[in-house]
Amino acid sequence: MKIDFRHAAMILALGACFTSCSDNDEPEGSSDVTVTVDFEAAGRILAGPTSYGANLYYGYDGKQYTEAEFPVTGNVNLHIGLNVSSWTGEIDFYGGGMALSQWNIRSNTDASQADGWWYTYENQCSVYNLDSTDGSNNGAGARGSNTFVIANGYNDDNNDSASRMYFTSKAEFALGTVQLCNSSYVYGVMANGNPYGVTPDKNMEEAGGWFCVEFYGFDAEGNATNDGIPVEFYLCDYRAGSATYTPAITTWTACDLSALGKVNAVEVNFRGSDTGTWGLNTPAYVCLDNLEVKVPAVK
């Protein structure tokens with residue numbers, strides 16, 4: 001079976017876990033409390049029925065996932081969903097977006113599968129989290145939770161599919177950290193090489209390559225926050241002497257989004273060294289969990 005490195009699209013739904021502030025959570029005198037959106041999915045659609053996530057696509061023979069909202073404050077929700085695909089003209093994963101998942105398949109599950117099946121688009125909804133049990137599809141989220149978000153899509157001169165989350169009612173909040181981990185699809189391509197990449201005979205380390213996720217903030221009027229400068233997080237960086245050198249991420253790792261300031265929306269984009277005429281060759285996915293939102297304390 002040929003490994004297909006197409007960029008699919010996914011979306012997700014988020015559950016919120018409220019934590020009160022303490023001296024350890026907030027600076028002394030702070031008027032905010034931290035709400036942790038933990039992405040737990042009780043009663044919500046998960047990517048399935050396999051780790052490919054067929055229910056994220058238009059025309060699925062069953063209930064398709066398109067969007068979801070989860071409470072942040074009494075009157076504000078966090079909204080996520082799938083984009084409209086420029087290929088199909090429909091809301092589905094081909095157009096990018098976010099989806100909820102519990103898949104954590106990190107190796108072939110069936111002897112009949114072609115070598116490397118686990119790092120193809122057919123396993124695009126799995127997280128590569130070494131702190132979880134391979135194939136158990138349980139406890140793969142941050143801090144041993146079950147559910148996480150898979151975000152897919154990116155923007156450049158040839159593509160317009162970056163995933164986005166936003167707060168309803170035009171609300172704006174400062175953010176804390178979000179937990180990140182590579183997907184199995186992306187990690188497998190990094191570790192084993194990409195036959196459709198710039199250096200098809202080398203993996204990411206051998207090529208001295210890198211892959212980066214970017215978080216852009218926007219206010220309620222759609223203006224960029226932080227002077228349009230994104231928060232960057234390297235999912236791998238094998239450049240010799242790089243200040244951001246890191247082997248490919250294989251466990252949940254915190255990324256601080258506070259530099260974005262108060263935001264209504266956050267867009268997720270990607271850049272990488274393995275880029276050709278038509279854009280990124282590395283699959284544009286990242287797994288997200290435990291987003292911290294700073295909300296005013298109720299007096």
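Me: How many of the residues of strand 4 are buried?
Reply: This is a predicted model, and in it strand 4, residues 77-81, is mostly covered, with 4 of its 5 residues buried.

Me: Which way does strand 4 run against strand 3, and how many bridges join them?
Reply: Strand 3, residues 67-71, and strand 4 run antiparallel and are joined by 5 bridges, and the two strands form a hairpin with 5 residues between them. Pro71 has Asn77 of strand 4 as its bridge partner.

Me: What about Ala68, is that one buried or exposed?
Reply: Ala68 belongs to strand 3 and is buried, because its relative accessible area is 11%, under the 20% cut-off. Its C-alpha atom is separated by 8.3 Å from that of Leu78, which is 10 residues away along the chain.

Me: And how many bridges join strand 4 to strand 7?
Reply: There are 2 bridges between strand 4 and strand 7, residues 163-167, and these strands run antiparallel. His79 stands opposite Tyr166 of strand 7.

Me: Switching to strand 6, which of its residues point which way?
Reply: Phe148, Ile150 and Asn152 point one way from strand 6, while Val149 and Ala151 point the other way, and all of them are buried.

Me: What does strand 6 pair with, on the strand 5 side and the strand 16 side?
Reply: Strand 5 is joined to strand 6 by 5 bridges in an antiparallel arrangement, with Ser101 standing opposite Phe148. Strand 6 also pairs with strand 16, residues 285-289, in the antiparallel sense over 4 bridges, and there the bridge partner of Asn152 is Tyr285.

Me: Asn152 is a polar residue name I'd like to follow up; what is its relative accessible area?
Reply: The relative accessible area of Asn152 is 0%, so Asn152 counts as buried. A polar atom of the Asn152 side chain lies 2.9 Å from the backbone oxygen of Ala284.

Me: Okay, on to the core: how many residues has the largest nonpolar core, and which have the most contacts inside it?
Reply: The largest nonpolar core has 77 residues, and those with the most contacts inside it are Phe167, Phe215, Phe270 and Leu288. Helix 1, residues 184-192, contributes the largest share of this core, with 5 residues.

Me: What is Phe270 in contact with, leaving aside its neighbours within four places in sequence?
Reply: With those neighbours left aside, the residues in contact with Phe270 include Ala151, Gly153, Tyr154, Phe211, Leu235, Ala284 and Tyr285.

Me: How many aromatic pairs are there, and how are the rings of Tyr52 and Tyr121 arranged?
Reply: The count comes to 15 aromatic pairs. The rings of Tyr52 and Tyr121 have centres 6.0 Å apart and planes at 80 degrees, so this pair is edge-to-face. The pair links distant parts of the chain, 69 residues apart, with Tyr52 in the loop between strand 2 and strand 3 and Tyr121 in the loop between strand 5 and strand 6.

Me: And how do Phe211 and Phe270 sit?
Reply: Phe211 and Phe270 form a stacked pair, 5.5 Å centre to centre with 10 degrees between the planes. Phe211 is in strand 10 and Phe270 in strand 13, 59 residues apart, and both are buried.

Me: Where do the charged ends of Arg106 and Arg164 sit?
Reply: The charged end of Arg106 sits over the ring of Tyr128, 5.8 Å from its centre, and the charged end of Arg164 sits over the ring of Phe218, 4.4 Å from its centre.

Note on methods: Residues are numbered from 1 along each chain as its sequence is written. This is a predicted model: local features need pLDDT of at least 70, side-chain atom pairs count only at pLDDT 80 or more; totals for chains, interfaces and linings use all residues. Side-chain values use heavy atoms; hydrogens and water are left out. A nonpolar core is a set of buried Ala, Val, Leu, Ile, Met, Phe, Trp, Tyr and Cys residues joined through side-chain atoms within 4.5 Å. Buried means under 20% relative accessible area, exposed over 50%, partly exposed in between (1.4 Å probe, protein chains only). Contact means heavy atoms within 4.5 Å. A polar contact is a pair of N or O atoms within 3.5 Å; within protein, one must be able to donate a hydrogen and the other to accept it, and residues adjacent in sequence count only if both atoms are side-chain atoms. Two strands pair if DSSP finds at least two bridges between them. Rings of Phe, Tyr and Trp (its six-membered ring) pair if their centres lie within 6.5 Å; planes under 30 degrees apart count as stacked, over 60 as edge-to-face and the rest as tilted. A charge sits over a ring if NZ of Lys or CZ of Arg is within 6 Å of the ring centre and within 35 degrees of the ring normal.
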